[in-house]
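Colleague: I would like to learn how to read a few features of a model, taking them slowly. Could we go through them together?

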Amino acid sequence: MAITASGLVKFKQALINLLQQGQYTMDGKTYTTPIFKTTIDGDNVNVYLYLDDSVSGNITQVQLIDRDGAVFDTQTENINKPSINGLLITFTYNLKKVV
């Protein structure tokens, strides 16, 4: 039995529902941030974190935290974020049926 198109959409939505918040390390200290936006675009599930202009410093790591409080995914970064701009960080997952 094969997964249906509807089942695949539900699977992608379940991934989004699993995630609770973002976390980033800046200048050696860890901060949490809410998930700004999520989208499903074809086979891609995109999760966005937004750091506004009140955040400035050297960002070395960005993480997604799941509903259990565990790290779901980690991206190593080296971003020197100034206070004059916001920063949009994207985690993209490609979920598709393999035949």
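Colleague: Which residues is Tyr24 in contact with, leaving aside its neighbours within four places in sequence?

Modeller: Contact means that heavy atoms lie within 4.5 Å, and by that rule Tyr24 touches Lys29, Thr30, Tyr31, Thr32, Thr33, Leu51, Val55, Ile59, Gln61 and Val62. This is a predicted model, in which local features need pLDDT of at least 70 and side-chain atom pairs count only at pLDDT 80 or more, while totals for chains, interfaces and linings use all residues. Residues are numbered from 1 along each chain as its sequence is written, and side-chain values use heavy atoms, with hydrogens and water left out.

Colleague: Is Tyr24 buried or exposed?

Modeller: Buried means under 20% relative accessible area, exposed over 50%, and partly exposed in between, with a 1.4 Å probe and protein chains only; Tyr24 is buried, at 7%.

Colleague: Where does Tyr24 lie?

Modeller: Strands (E, at least two residues) and helices (H or I, at least four) are DSSP runs, numbered from the N terminus, and Tyr24 lies in strand S1, residues 19-26.

Colleague: Which residues of helix H1 are buried, and why do they line one face?

Modeller: An α-helix has 3.6 residues a turn, so residues three or four places apart point the same way. In H1 the buried residues are Leu8, Lys12, Leu15 and Ile16. Seen down the axis of H1, these residues fall within an arc of 100 degrees (taken from the directions from the helix axis to the C-beta atoms), so they line one face of the helix.
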